[in-house]
Amino acid sequence: MFKLPVCPYCHTVYGIKEVRKNKKKEIIKCYHCENKFKNARVKGYLILAFIITFSAVIVNTVILNLTADIISSVFPILAVSFTAVLLFALFSPYFIKYKKIKNSEIKEIPSEKIIIEPSGKQKRSVRKRTE
Ligand SMILES: [Zn+2]
């Protein structure tokens, strides 16, 4: 928790930008050692969502008790909800963990979910000259 993920093979620490870039990939290939590993994010997201929701509920209860009527508490409660979403986006990379793929899991992962990085080859457009 509160730690950026590291490659389970070579322990390269992934920066916040790379974690965000890779967040939707299920399988990530390490840019350093080229091993493939699993992007284990669900459990961390759940923990983070639980912490944030729990805090937001407490703050909203306090707001409701402090404000005189429901209408004047609407805006602060909306602000709390917005902050909660923002906090989730901000801290989610710290709750992601990169894990080794177990041999038993390799067969379970559909091949289309394994992202193959495009090779460095780029086609050059050939311009035909009309004379
Ligand atoms: Zn690595």
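Q: Before we start, what counts as a helix or a strand here?
A: Helices are DSSP runs of H or I with at least four residues, strands are runs of E with at least two, and both are numbered from the N terminus. Keep in mind that this is a predicted model.

Q: Is His 11 buried or exposed?
A: His 11 is exposed, because it has 10 other C-beta atoms within 10 Å and the cut-off for exposed is 12 or fewer.

Q: What about Glu 34, what's its phi?
A: Glu 34 has a positive phi too, about 65 degrees, and Glu 34 isn't a glycine either.

Q: Where is Glu 34 found?
A: Look in the loop that links strand S1 (27–29) to strand S2 (36–40).

Q: Buried or exposed, that Glu 34?
A: Exposed: Glu 34 has 10 other C-beta atoms within 10 Å.

Q: Switching topic: how many helices and strands are in the chain?
A: The chain has 4 helices and 3 strands. Starting at the N terminus, the order is α-β-β-α-α-β-α.

Q: How much of the chain is buried?
A: Of the 131 residues in the chain, 10% are buried.

Q: Last one, what about contacts between residues at least 6 apart in sequence?
A: Of those contacts, 62% join residues at least 24 apart.

Conventions
Residues numbered from 1 in each chain as written. Predicted model: local features only at pLDDT ≥ 70, side-chain atom pairs only at ≥ 80, totals over all residues. Buried ≥ 20, exposed ≤ 12 C-beta atoms within 10 Å, placed from the backbone. Contact = placed C-beta atoms within 7 Å.
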